[in-house]
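The exercises below ask the reader to work from the coordinates to a description of folds, packing and chain contacts. Each task is followed by a solution that goes step by step.

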Amino acid sequence: MGYPHAPHPRETLVLSKYFGDRDAIGLDGWRKRGGYVALERALGMTPAEIVTIVKDSGLRGRGGAGFPTGLKWSFMKPGDGKPHYLCCNADESEPGTFKDREIMRWTPHALIEGCAIGSYAIGAETCYIYIRGEFTEPLERMEVAVREARAAGVIGPNAMGTGKRVDVWVHKGAGAYICGEETALMNSLEGRRGNPRIKPPFPAVAGVFGQPTTINNVETLAAVPHILNNGADWYKKMARPDNPKSTGTKLWSVCGNIARPGNYEVEMGFPFKDFLYDLCGGPPPGRKFKAVIPGGSSVPIMNMEEAEAALMDYEGMVAKGSMLGSAGCIVIDDAQCMVKQIARLARFYAHESCAQCTQCREGTAWATKIMERIEAGEGTMDDLGTLLEIGENMTGKTICVLSDSCAVPIASGIQKWRDEFEAHIKGKRCPFRTAAAA
Amino acid sequence: MAISKEMGGTHAESHATHGSAEHAHGEPHEPVFVGERRKQLDELLTRYPTKMAALLPALWMLQEDRGWVSEAGMAEVAEVLSLTPAYVKGVVTFYTMYHQHPVGKYFIQVCTTSPCNVCGAEDVVNAFLKHTKCGELGVTSEDGRFTVIEVECLGACGFATPVMINSDFIESVTPEKVPDLISKLT
């Protein structure tokens, strides 16, 4: 299948195999495609056996941090007499990222199966799938799928007839980027303002409702049934020979100034240059790529020299000065003004700051004002130093990393496109604006 | 830990009485959580270990039924979940999707964050402002039909520019498509 375009021969379709396939959405169709076989097998294993397989597979968190999933699950102590919870983070709101949306739209049962296996593996009887409020269609499809699975006895008080309880519930967010941060998500789920919490205590000790909790991204959980079906070795082999730390397939969302935007699934370690030019079709006609933000808007911006030499896995992106993050790849071409786009990103973070920490509340707001002033042709050379100084005060000093995420693109922008900043300041106007638009 | 009823129960009731006058807009508040809605809420409460966890869903029900989240509506939600109205308002004001005042019949949200911005989202916003006759962001058109706002990343960046009209999610909107989209709204 493929959505919105046919798959490229160099893709490896695991999670995205049924994107665009309407027959895969319902329970019957999903079962015909091998659905819930892994859950049945999982419920016949011990939780520790499942954790071991996931550990061996090398699966790492797909939400941004890349923490090893099996290790995270192993922090949940069995037999502590407390209720355990699994939270599925479906608050996909990192600019550039839209992969979880497609998993939920086309293969909602894949996610439910992953949630059910994950719950059982960590000793939880309840899983909440927290979906951002704007995702009306994924919300609807997940709600329907949960009702179907419950009515068929796949999940519920007697999951697959095993006598084990696995409840999965959909919880709708209400518009807040920060609720994708795991501790903010838990606060929001509890009916509070979505302010991130100070760690420790870590969620595995005291998470949602004060109980041991694991939070996993949609894509992470959706990968688990495939790992159980095909084995850890199968998953582990999808990696660069010289880098066993990143394994499996990865969904990449591609957007911005590129010929074929959309989601692509490739094995870890795929060459970024081939990806951008071959799979995604290169820049729009008559344009050239100028910059790539490879992992969602919170990671350092790459110039093309860096991007074209990068390999698409956790370590490969770090080696070229950025991060894999949520693999939401924003491509910017030579017709775009970097100052304007970085100012727009800063405005995003200022809007989304929960305002709990001073460095973030003040820093994102002032950085935005200064960036917009420069973009309007009213900046001074001193502003560049001020921005970097504000950025330093915003980094590593707050409860969560939203503040850092605002500072990152500004710092990499000034470092790599200083000429564009200076042209705005010296020319007292944006050089990219046409006379008519100015 | 849920805020106990004792912390604000009395206040909640008195506030609800005041709120029913709804002085800002002159409309009395008809209770939302009766009949079918009450059943839905009760079912929802079985999913969570605390009543407070049903706050966001309860506010969604209120907004779906009334079009926005009024002070009196918040007081009712506080009452049914044993919270204080002040607490509920604190939560409402954190999230962007709860309308704290009435909006147009069609609430139009256009994504303008960077991935859409580089694909011309600002032109889409301007087309909506022009063709709805709203003129300005956040201002409801004179006929009460439209409110247009810019929204931060809708999470459909590969389909620039995504637009939400109420709960309809529309992909790949260009300025040229705007007049047709609006003409379909009655």
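Helices are DSSP runs of H or I with at least four residues, strands are runs of E with at least two, and both are numbered from the N terminus. The model is predicted, and its scores are ipTM 0.95 and pTM 0.94.

**Exercise 1. Describe the secondary structure of chain B and the confidence with which chain B is predicted.**

Step 1. Counting the elements of chain B gives eight helices and four strands, and along the sequence they follow the pattern α-α-α-α-α-β-α-α-β-β-β-α.

Step 2. The mean pLDDT of chain B is 88, with 85% of its residues at 70 or more. Residues 1–24 of chain B, however, have a pLDDT below 50, although this stretch makes 41 contacts in the model beyond near neighbours in sequence.

Step 3. Chain B has 186 residues, of which 44% count as buried, and among its contacts with a separation of 6 or more, 63% are between residues 24 or more positions apart.

**Exercise 2. In what order do the four strands of the open sheet in chain B lie, and why is one side of β2 and of β4 left without a neighbour?**

Step 1. The order of the strands in this open sheet of chain B is β2-β1-β3-β4, and the pairing is mixed.

Step 2. Because β2 (146–151) and β4 (168–170) of chain B are at the edges and have a single partner strand each, one side of each has no neighbour in the sheet. From one strand to the next the twist averages 20°.

Step 3. Strand β1 (residues 106–111) of chain B runs parallel to β2(B), to which six bridges join it, and B:Val110 is placed opposite B:Glu150 of β2(B).

Step 4. Across β1 and β2 of chain B lies helix α7 (residues 121–131) of chain B, whose direction makes an angle of about 160° with β1(B).

**Exercise 3. Which strands of chain A pair with β4(A), and in which sense, parallel or antiparallel?**

Step 1. Strand β2 (residues 124–131) of chain A pairs with β4(A) in the parallel sense over six bridges, and A:Thr126 has A:Asp167 of β4(A) as its bridge partner.

Step 2. Strand β3 (residues 156–159) of chain A runs antiparallel to β4(A) and is joined to it by two bridges; here A:Ala159 is the bridge partner of A:Lys164 in β4(A).

Step 3. A hairpin is formed by β3(A) and β4(A), with four residues between them, and A:Met160 in the turn has a positive phi of about 55°.

**Exercise 4. Characterise the packing of α3 against α6 in chain A.**

Step 1. Helix α3 (residues 47–57) and helix α6 (residues 108–121) of chain A have axes that come within 8 Å and cross at roughly 115°.

Step 2. On the α3(A) side the contact is made by A:Pro47, A:Ile50 and A:Val51, and on the α6(A) side by A:Ile117, A:Tyr120 and A:Ala121. By class, these residues are six nonpolar, no polar and no charged.

**Exercise 5. How many residues of each chain are in contact with the other, and which element of chain A gives the most to its side?**

Step 1. The contact involves 46 residues of chain A and 34 residues of chain B. Elements of chain A that give two or more residues to its side include α7 (136–151), β4 (164–172) and α14 (338–352).

Note on methods
Residues are numbered from 1 along each chain as its sequence is written. Chains are lettered from A and ligands numbered from 1 in the order in which they are written. This is a predicted model: local features need pLDDT of at least 70, side-chain atom pairs count only at pLDDT 80 or more; totals for chains, interfaces and linings use all residues. Two strands pair if DSSP finds at least two bridges between them. Axes are lines fitted to C-alpha atoms, for helices over the stretch in contact, and angles run from 0 to 180 degrees between N-to-C directions. Two residues are in contact if their C-beta atoms, placed from the backbone, lie within 7 Å. pLDDT is the predictor's confidence in each residue, from 0 to 100. A residue is buried if 20 or more other C-beta atoms lie within 10 Å of its own, exposed if 12 or fewer, and partly exposed in between; C-beta atoms are placed from the backbone. Ala, Val, Leu, Ile, Met, Phe, Trp, Tyr, Cys and Pro count as nonpolar, Asp, Glu, Lys and Arg as charged, and the others, Gly among them, as polar.
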